Protein chains: 2
Amino acid sequence: MAKQPLISMRPESRGLSYDRPAASQIFGFIRDAIISMELLPGQMISETALAQQFGVSRTPVREALIQLSNIGFVEVLPQRGTYVSKFSMEKILEARFIREALEVAVVTQLATNPDEAVRLEAVNRCEKILSDQKTAAADDDALAFQNLDDSFHQTLAEFTQYPRVASFIEAEKAHMDRVRNLSLHVSGQYKRVLSQHAAIIKAIKAGSAEKSAAAMSVHLKDVYNILEVIPQEHPEYFV
Amino acid sequence: MAKQPLISMRPESRGLSYDRPAASQIFGFIRDAIISMELLPGQMISETALAQQFGVSRTPVREALIQLSNIGFVEVLPQRGTYVSKFSMEKILEARFIREALEVAVVTQLATNPDEAVRLEAVNRCEKILSDQKTAAADDDALAFQNLDDSFHQTLAEFTQYPRVASFIEAEKAHMDRVRNLSLHVSGQYKRVLSQHAAIIKAIKAGSAEKSAAAMSVHLKDVYNILEVIPQEHPEYFV
DNA sequence: ATCCTACCCCTTGCATACTAGTGGGTCAAG
DNA sequence: CTTGACCCACTAGTATGCAAGGGGTAGGAT
């Protein structure tokens, strides 16, 4: 009997593109499936099953899973199986710590950038995103809101000119998005996030490193709210 | 004819341990060889050659190389070869930026830790390392000095209780150690490093987040000195 | 002499086969 | 009914073979 596929794929995306390494594409598929909670914490994901589903051999799947274990999304237990990582308070706080460290450094560098034109462009682009976010909040479109939140932080990171900084932030952010996607507790949070983003922009515009850092720090500590309710609502996903 | 082995191995370490995945062990071997400049930037390292040398198949070697490419130590060019990454000013500055962001956050957290006993233990352990470092400097033992420098920063990072923070710092530091190992420009630097470490300890002891962060920031910006001479001395290792 | 072309070797990417080890399920003994 | 041993199915780790493509080289044409 055919098992339930681990990852649902639309027909047009069932096949992998031929002009890019299969392992890299598979990595992206699984990562997105984990972030969106399509693959649930604690769930076993077999190399063989994924290989059949993607129509490839175990080798590229295995390479993708190794990469995912590096960023803490799965855990590979030799001779036992590969499992989607469960949440743990320690790991979430760790991701938050790393992300805050990086993002504080990002806004500090940006706010103290002597080239005012650069600061202005950053501010303009972030204000555009913020205004779109207000629209998304008004429409109660949580998905769009979250994507724009991503854009906001990525845009800031790109101004460091250090691509790995942006990718690190994205990776650490993903850990928290995963938790956030457990339930849509965002309705009441729209307003707070919007005002926090506005405060960050304002501080950068003013060229104040201290205020920028403080505003970012406050913003990123906001997840503590969620962390007080979610573990109790979904204890099965926590270690 | 037998080619020159890529990595020199002592007889007793020529074989891999059987109770640990081969890929992981090989990863460590190659990483250390790259940091110590035993494998030179730009040098080609073939999967086949390494496999023969370690007495394994290409598979575990390949997995190790993929991991090394993730941390930017090698570059895998499909159908062309795998090469030890050359230095680039951008990548070095990027590593420095990430490391500063993390280490500043580390000492900030430590300095503001309300539990004074924890601060005291951190200070004590770091002072012990610092005193060993003074001995190493007096003996002009650059290798010991560098190892102790590692210990100093790792010890601080461990006090965050976030293991990934320590490993990130270690990884970013490795990029700079690689450059540093190009030549022993350290003789004149001993004194500066020692006083900078002392300043960091003093600020933590005083419980001042601002002073701790500033002291760490100054310390990590010190590499700029090296970066002004090394690229000119070894242009062949830079892109 | 120079340029172009065809070929061949070597590279990584992927597929397949095999090994060792874990955990569960079954069956028999107490 | 409980408990223990054994067997089997399935896991990840590794070995090996094949496919596809890039690059250098040799040889011929101009």
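In this predicted model, helix 5 of chain B (residues 116–138) comprises 23 residues and spans 33 Å from its first C-alpha to its last, close to the 33 Å expected at 1.5 Å a residue. The residues of helix 5 of chain B that are buried are B:Ala122, B:Cys126, B:Ile129, B:Gln133, B:Ala136 and B:Ala137. Their cover includes three helices of chain B, namely helix 4 (89–111), helix 6 (142–158) and helix 8 (190–205). Just after helix 5 of chain B, a positive phi of about 55° is found at B:Asp140.

We turn next to the DNA. Around DNA strand C lie 18 residues, of which A:Ala22, A:Val56, A:Ser57, B:Glu47 and B:Thr82 are the closest. At least two residues each of the surface near DNA strand C come from helix 1 (22–35) and helix 3 (58–70) of chain A, and from helix 2 (47–54) and strand 2 (81–84) of chain B. Helix 3 of chain A is the element that gives the most, with three residues. Sorted by class, the surface near DNA strand C holds seven nonpolar, eight polar and three charged residues.

DNA strand D is likewise surrounded by 18 residues, and the closest are A:Ser46, A:Thr82, B:Ala22, B:Val56 and B:Ser57. Here, two or more residues each are supplied by helix 2 (47–54) and strand 2 (81–84) of chain A, along with helix 1 (22–35) and helix 3 (58–70) of chain B. Helix 3 of chain B provides the largest share of the surface near DNA strand D, three residues. The classes near DNA strand D are seven nonpolar, eight polar and three charged residues.

Key. Residues numbered from 1 in each chain as written. Chains lettered and ligands numbered in written order. Predicted model: local features only at pLDDT ≥ 70, side-chain atom pairs only at ≥ 80, totals over all residues. Near = placed C-beta within 6 Å. Helix = DSSP H or I, 4+ residues; strand = E, 2+ residues; numbered from the N terminus. Nonpolar A, V, L, I, M, F, W, Y, C, P; charged D, E, K, R; others polar. Expected span 1.5 Å × (residues − 1). Buried ≥ 20, exposed ≤ 12 C-beta atoms within 10 Å, placed from the backbone. Contact = placed C-beta atoms within 7 Å.
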